[in-house]
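Have a look at it first, then read on.

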Amino acid sequence: MRFVKPMPLNSLSLKILLAYVAGMALSIVLLVIAAVVVIQTNLLARMDLVNAVEALKDNVVFDTEGRPVGFDSRLDDRAWLYEGPQREAAYRILDESGNVAVFSSAGEAFWPAGDDLLRPSRKSFTFEHEGNTFYGATQPLQHEGRRWYLQFVASARFMDILDKVALPRMVVGIMAFSIVLFVAFGLCAYITLRYTLKPLRDVSESAAAISPRSLNARLKTEAVPVEIAPLVDSFNRALARLERGYRVQQEFLGHTAHELKTPLALIRAQIELLESGKNDHDSLLSDVEYMTRQVQQLLLLAEASEAHNYRFATVGMAEVAHEAAHYLQRMAEAADVHVAVRAVGDIKWKADRAACFTLLKNLLENAIQHAPAHTSVSVELQGDMLTVRDKGPGVEPEQLPMLFERFWRAPHRRDHGAGLGLAICQEITQAHGWRLTAEQAEPGLRFRLWKGEGGKAFL
C-alpha cells in the first residue's frame, strides 16, 4: 500500500494550502455570523416581505370602474393568510391621495390612525398593534393610467416562526456547503499544487546534480512557472559567473605553477653547482628574489580578491600618491625617471587606504618600468579622476585589453616581474566600485582611475 508522504512544516505547498483553508474557514464563519445577524434583526424577513409585496401586486383585481377590490384567490394561494379570522397579516390598497380603496378582513381598525403610513413613498415601515410588532412594505402599481399603492404587513411573531423553520435548514445548508467546499477545494488545491510545483522539484534535482565537473550545465526554464522563472534565470547567471571564476582560478593555478617552476629549477641548478664548487652567489640570490616577488604578488592578488579584507574610510588621495612616489623613489632614480604628483584641491575619496597605496604603487611601478631615461612619470588628481602617465613606447592598440590579464607581460620593461601588478590594480578597482582604463597618450601610456557614481567609494 502506497502512503502519501507528509509535508514538512516549512513546505510552500503546505503554507499555501493552509492559507486557502484558513480563508475558507474565515469565509464560512463570516457567513454564519452574517446569517445570525440577519435572522436576529429580521432583516432577511423584511427584505423577503418587500419581494412578496412586489409579487402580490400582479394578483390585484379591479372592478369595471378601475378601482381595486382585492386579490384573485384563484391566482393567489396565500389569500387565506390575510382573509381569515387571524390577525397575523393584513393588506390595504391606497390611491395617490392616500385614500384607502380596499382593506383585508382585518379592517380599518387594524391600521394605526393618523400615522404617516399613509405616505406611499415609504418602501418599508413598522408599527405596533395590540401589543404586537408588525413589519410592512409598500409597492406601487399601475392600472389604466392610475397609480395605486399596495401595503402589506405581517407580525413579528409570525416572521419569527418562519425564521425558526428556516434557520435549521440554513444551518444544514451551510454545513453541507462547507463540507463540499472543503473536500472539493482541498482535493483540487492538492492536485494543483502537486503538479504546479513539480517543475520546481525537477529544477531542484537538476541543481543538486551540478558539481565542479559539470559547471557548464544550466537549469531549464521552459516548464517553470513564470513567477519562478526569474529566480531560475538568476541562478543560471550565478552559475555562469561561478564557472568563469572557476576557469580563471584553474588558469591562475596553471600559470602560477608554470611561473614558479622556472625559478625553482634555477635554484636547484645553483645548489647543484654549489656542491661541485661552481657557485654563482649573485645568480642564486637573484632567483630567490624573483621567486619571493612572485609569491608576494600572488598573496597580494589573493588578498585583493576578497572583499572582507577592505576597511573603507575617508582617504586623502594626494597624500597616498606622495607616499607611493616616495616609496618608489630609489627605483625611479635607478631608472633616471622623475615622478611628479599634482593634485587640484583637497581630494578625498572613501576607500581602503592600504589598497589605494598598493594600487598607486603598482601603477607607478609599471610606468617607471616602461619610461625611457630622462623622462617623467606624472600623477594627477582632480575631482573624481586620477591619472598616471608615462612617456614610454606604449603598447599596440590590440594589446590594450590584455594589460589587466594575469601573468601578461609587455615588452620594454626593465624587470622580470610576474605580470600581476595591473591585475591586482583591477581587483582593487572592482572592489571599490571604481573603473580603471588604459589608453595611448602619444607618447606613452595613460591610466585613468574613475571614482564611479553609485560605487562603494562615492563620497
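Helices (H or I, at least four residues) and strands (E, at least two) are DSSP runs, numbered from the N terminus. This is a predicted model, where local features need pLDDT of at least 70 and side-chain atom pairs count only at pLDDT 80 or more, while totals for chains, interfaces and linings use all residues. Residues are numbered from 1 along each chain as its sequence is written, and side-chain values use heavy atoms, leaving out hydrogens and water.

## Helix α1

V29 sits in helix α1, which covers residues 12-40.

## Helix α10

Next up is α10, residues 353-370: 18 residues reaching 26 Å from first C-alpha to last. That is close to the 26 Å expected at 1.5 Å a residue (1.5 Å times one less than the number of residues). Because 15 of its 18 residues are buried, α10 is largely enclosed by the rest of the structure.

## Aromatic rings

Rings of Phe, Tyr and Trp (its six-membered ring) pair if their centres lie within 6.5 Å; planes under 30 degrees apart are stacked, over 60 edge-to-face, and the rest tilted. The count here comes to nine aromatic pairs. In one of them, W111 and F127 have ring centres 6.0 Å apart and planes at 40 degrees, so the pair is tilted. Both W111 and F127 are buried.

F127 also pairs with F134: their centres are 5.7 Å apart and their planes at 10 degrees, so this pair is stacked. Ring pairs link F110, W111, F125, F127 and F134 into a cluster.

Key:
Buried means under 20% relative accessible area, exposed over 50%, partly exposed in between (1.4 Å probe, protein chains only).
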